[in-house]
Amino acid sequence: MSASDNAPALGPTDPFGDPLDPENRPARLAVGVVGTGRVGPALGAALQLAGHKVVAASGVSAASRRRAEALLPGVRLVSPPQVLAAADLVLLTVPDDALADLVAGLAATGAIRPGQIVVHTSGAHGVAVLEPAVRAGALPLALHPAMTFTGTSVDLARLAGCPFGVTAPDELRPVAEALVVEMGGEPEWVPEEVRPLYHTALAHGANHLVTLVAQAMELLRGAGVAEPGQLLGPLLGAALDNALRSGDAALTGPVARGDAGTVRRHLQQLHTVSPDIGQAYRAMARATAQRAVRGGSLKEGAAASLLDVLNEETP
């Protein structure tokens with residue numbers, strides 16, 4: 001059975017029509033949330049604000065249950081099959097590596113019913129991971145909010161204008177777009193075959209940025225700066241804005257200038273205070289030099305001297 005067998009009939013007056021037309025908002029749905037980590041309760045709460053009703057959720061840890069109680073007050077916490085039994089639309093908000101087994105298990109036990117909308121929020125997967133649910137008659141959507149979540153009410157405000165990486169069968173695109181817009185987001189269509197590359201890009205940018213900033217703050221504390229966040233905030237904010245606007249043309253600093261002596265002194269400091277951060281510095285400096293050479297801001301000769309310093313065993 002294909003998704004199209006159970007897809008809503010789409011038309012100019014259908015409730016799954018143009019999501020930007022207030023006359024064409026999706027019919028109110030009973031929503032279930034499987035996985036009450038940081039993402040699920042926030043998206044459930046966003047759907048409730050749009051007029052849907054979260055009827056059940058599941059969560060295992062004490063922390064996940066607290067999040068559900070805070071963001072979805074009064075919603076009963078039950079087992080995943082019980083969530084599916086109560087819901088028209090199911091949000092599967094579990095870790096990437098747990099998703100395939102969860103879907104297969106729910107399908108094998110008959111928990112999924114024909115016409116049920118099954119949505120996962122994993123950035124790493126498209127809709128192929130939902131194939132067992134599709135065989136059971138479900139309508140598959142992959143809606144990934146490109147945002148970090150705190151698991152608190154702060155996330156609801158951050159959803160305003162948040163891009164969602166969306167993968168869906170063609171006939172379900174209006175449904176996916178409508179739901180994203182109702183949660184306050186902006187759909188960005190991601191073909192199934194490039195979903196892993198899409199997620200790699202986001203993880204590399206966001207996750208490694210956190211590590212980079214944390215390392216910089218650690219070094220500043222070592223230099224006696226009491227509030228490193230206050231010192232770094234304006235600089236990093238400007239650097240991020242410039243990078244988003246101009247890409248490699250935004251590169252500045254000793255590596256982009258080819259100041260090999262300054263880079264050697266940096267490595268000497270890091271060798272003393274934090275060899276682990278020193279290895280990260282070397283890797284990022286090499287990548288920065290390569291991009292600066294390709295962009296034309298760093299000449300080959302200066303780059304060669306810089307790479308000699310970066311390749312030294314000890315500074």
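Predicted model: local features only at pLDDT ≥ 70, side-chain atom pairs only at ≥ 80, totals over all residues.
**Exercise 1. Characterise the largest pocket by its volume, its lining residues and the elements that supply them.**

Solution. 
Step 1. Turn to the lining, which consists of 45 residues. Nearest the centre of this pocket lie L212, L236, A239, M284 and T288.
Step 2. Assign the lining to secondary structure. Two or more residues each are given by α8 (195–222), α9 (228–246), α10 (254–257), α11 (260–273) and α12 (275–295). The largest share comes from α8, with 14 residues.
Step 3. Classify the lining of the largest pocket: 30 residues are nonpolar, 13 are polar and 2 are charged.

**Exercise 2. Carry out the analysis for the second largest pocket, and state which element gives the largest share of its lining.**

Solution. 
Step 1. The volume of the second largest pocket is about 840 Å³.
Step 2. Its lining comprises 29 residues, and those closest to the centre are H144, P145, M147, T148 and F149.
Step 3. The elements that contribute two or more residues to this lining are β6 (139–145), β7 (163–167) and α8. The largest share, 6 residues, is that of α8.
Step 4. By class, the lining of the second largest pocket divides into 14 nonpolar, 11 polar and 4 charged residues.

**Exercise 3. Determine how α12 is oriented relative to α13, and describe their contact.**

Solution. 
Step 1. Take the geometry of the pair: α12 and α13 (residues 300–310) pack at an angle of about 170°, and their axes are 11 Å apart.
Step 2. Apply the cut-off for roughly antiparallel, which is an angle over 145 degrees. The helices α12 and α13 are therefore roughly antiparallel.
Step 3. Identify the residues in contact. On the α12 side these are R282, A285, R286, A289 and V293, and they meet E300, A303, L306, L307, V309 and L310 of α13.
Step 4. Classify the contact of α12 with α13: it has 8 nonpolar and 3 charged residues, with no polar ones.

**Exercise 4. Determine the orientation and the handedness of the crossing for α1 and α2.**

Solution. 
Step 1. Helix α1 (residues 40–49) and helix α2 (residues 62–71) pack at about 15°, with axes 9 Å apart.
Step 2. Angles under 35 degrees count as roughly parallel, so α1 is roughly parallel to α2.
Step 3. The crossing of α1 and α2 is right-handed.
Step 4. In the contact, P41, A42 and A45 belong to α1, while R67, A68 and L71 belong to α2. By class, 5 of these contact residues are nonpolar, none is polar and 1 is charged.

**Exercise 5. Determine the orientation of α8 and α9 and the composition of their contact.**

Solution. 
Step 1. The angle between α8 and α9 is about 130°, and their axes are 9 Å apart.
Step 2. Angles of 65 to 115 degrees count as roughly perpendicular, and those over 145 as roughly antiparallel.
Step 3. The crossing of α8 and α9 is right-handed.
Step 4. The contact is formed by V213, A216, M217, L220 and R221 of α8 with P228, G229, L231, L232 and L236 of α9. Its composition is 8 nonpolar, 1 polar and 1 charged residues.

How values were computed:
Residues numbered from 1 in each chain as written. Heavy atoms only, no water. 1 Å grid on protein atoms, 1.4 Å probe; cavity = no way out; pocket = protein on both sides within 12 Å on 5 of 7 lines; lining within 4 Å. Points joined across faces, edges and corners; volume = space filled by probe spheres on them. Helix = DSSP H or I, 4+ residues; strand = E, 2+ residues; numbered from the N terminus. Nonpolar A, V, L, I, M, F, W, Y, C, P; charged D, E, K, R; others polar. Axes fitted to C-alpha atoms, helices over the stretch in contact; angles between N-to-C directions. Contact = heavy atoms within 4.5 Å. Left-handed = near helix turned anticlockwise from the far one by under 90°.
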